[in-house]
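Please read the points below alongside the model.

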Amino acid sequence: MLALFRAGDMMQLMSNPVKHLFSLLALLLVLASAVSAQDSRQPVNVAALGPQVGETVPDFSLPDQNGVMHSRDSLGGARGMLLLFHRSADW
Amino acid sequence: MELQEQLDSLAQEGLGVAAISYDSVEVLRDFAERHGITFPLLSDSDSRVISDFGILNTVAEEGLGPNGDDPEVQADIARYVSVFGASPLIAGTPYPGTFMLDRRGRVTSRFFEEFYRERNTTSNVMLKLGVGLSPIAALQGETAHLKFTAYPSNTSVTVGSRFSLVLEVEPAPNMHVYAPGAEAGGYRVIGFNLEPTDLARFEPVEYAEPEIYYFAPLDEHVPVYQQRFTLLQEIVMDASAEAESILAERDALTLSGTLDYQACDDAICFLPQSIPVSFTLEIEMPDRQRANR
């Protein structure tokens, strides 16, 4: 980036200030986007993912180990349910 | 599986139980047969419900992609994917955890971890929900100041288990023991003082809401317990690869230390007390057997 500022640039800056204002702005934009690309990876925060307390979870319809279909509403007891998400029963 | 063992207690509380994973119906059937599972193991084979819930583990695919060598991605892989490195098996899995839902599908509480190898035991979830457990392997004691019962939420634990030591205390008539905040007045707050171990970490104790007691002789207000109360000392079994190899060689882990407290009545403050306690937990290694195909 520093290579952009050659000795002649200063001369040009004085001779054509408007044009150079634009190239400086362009340079700033390039720098800004380089910084944001580096920071664009958000750290994972599992606590913030998925439905939070007070929110309603999506309905679903899935087969169990015997091929019987279940939905969110069919599974609940009188006071609700415990719904566990696990990685795999296979490894 | 522990959840299966707690099924009756959960049903008595009016709670249904189901588990969701990306496994096929066939894999789940095999697992259910091998472990005697009777509650629904739901097959979300294309991970659509997992995605709908917003808990799809995206780090897994990131680790296999062009940014796989990025140190931040590597750190997240160890936290959320596998301490053994990126693996295509994990793509499509959720961040593991538990939702408690009311009758209308609203979340009443949730239990998710920031390290994939750490899990609340079912008994620990029940304790936090205020569902009583029947004490197993309980220690009981009585001193001049109080009666106590102490027991682990689980008698067997594994790599990454998040469980609790439960302490139920009943102060003697006219007697009080100290709650957090009282240390400022020079009193010993009740709690376990366990010997540190490399195989588990101790979380801050969860205390019940104390009452504020006015101690006339010193004209001071102190947080105390005068009635029966329960406190939970949560413990997380180390889940590092090193700890796993150590635990694999052991049948049991004994946690030893003291139950410390100080009691006073309305006129006299007794000296701080330390009662030796010890809890032995069976070590059960996770089932790594793959489904029969």
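1. B:Glu168 is buried, its relative accessible area being 17%, where buried stands for under 20%, exposed for over 50% and partly exposed for what lies in between, with a 1.4 Å probe and protein chains only. Its partner in a salt bridge is B:Arg228, at 3.4 Å from N to O, a salt bridge being a side-chain nitrogen of Lys or Arg within 4 Å of a carboxyl oxygen of Asp or Glu. B:Arg228, by contrast, counts as exposed at 55% relative accessibility. The pair links distant parts of the chain, 60 residues apart, with B:Glu168 in strand β9 of chain B and B:Arg228 in the loop between β14 (220-225) and β15 (229-237).

2. The model is predicted, so local features need pLDDT of at least 70 and side-chain atom pairs count only at pLDDT 80 or more, whereas totals for chains, interfaces and linings use all residues. Residues are numbered from 1 along each chain as its sequence is written, chains are lettered from A and ligands numbered from 1 in the order in which they are written, and side-chain values use heavy atoms, with hydrogens and water left out.

3. B:Arg162 deserves a separate point. At 9% relative accessibility B:Arg162 counts as buried, and B:Glu118 is buried as well. The closest N and O atoms of B:Glu118 and B:Arg162 are 3.8 Å apart in their salt bridge; because B:Glu118 lies in the loop between β4 and β5 (119-120) and B:Arg162 in strand β9 (residues 161-171) of chain B, the pair ties together parts that are 44 residues apart in sequence. B:Glu203 also forms a salt bridge with B:Arg162, here with the closest N and O atoms 2.9 Å apart. B:Glu203 lies in the loop between β12 (200-202) and β13 (211-215) of chain B, so this second pair joins parts 41 residues apart in sequence. Helices (H or I, at least four residues) and strands (E, at least two) are DSSP runs, numbered from the N terminus.

4. Between chain B and chain A the count is one salt bridge, in which the side chains of B:Glu13 and A:Arg79 meet at 3.0 Å, N to O. By class, the side of chain B that touches chain A has 38 nonpolar, 14 polar and 19 charged residues, with Ala, Val, Leu, Ile, Met, Phe, Trp, Tyr, Cys and Pro taken as nonpolar, Asp, Glu, Lys and Arg as charged, and the others, Gly among them, as polar.

5. In contact terms (heavy atoms within 4.5 Å), 71 residues of chain B meet 41 residues of chain A. The area buried between the two chains is about 5,200 Å², with 58% from carbon and sulfur atoms; buried area is the accessible area (1.4 Å probe) that two parts lose on being put together, summed over both. On the chain B side, B:Phe53, B:Arg103 and B:Arg110 lose the most area to chain A, together 13% of what that side buries.

6. Chain A has three helices and three strands, which run α-α-β-β-α-β from the N terminus on. Of its 91 residues, 32% are buried.
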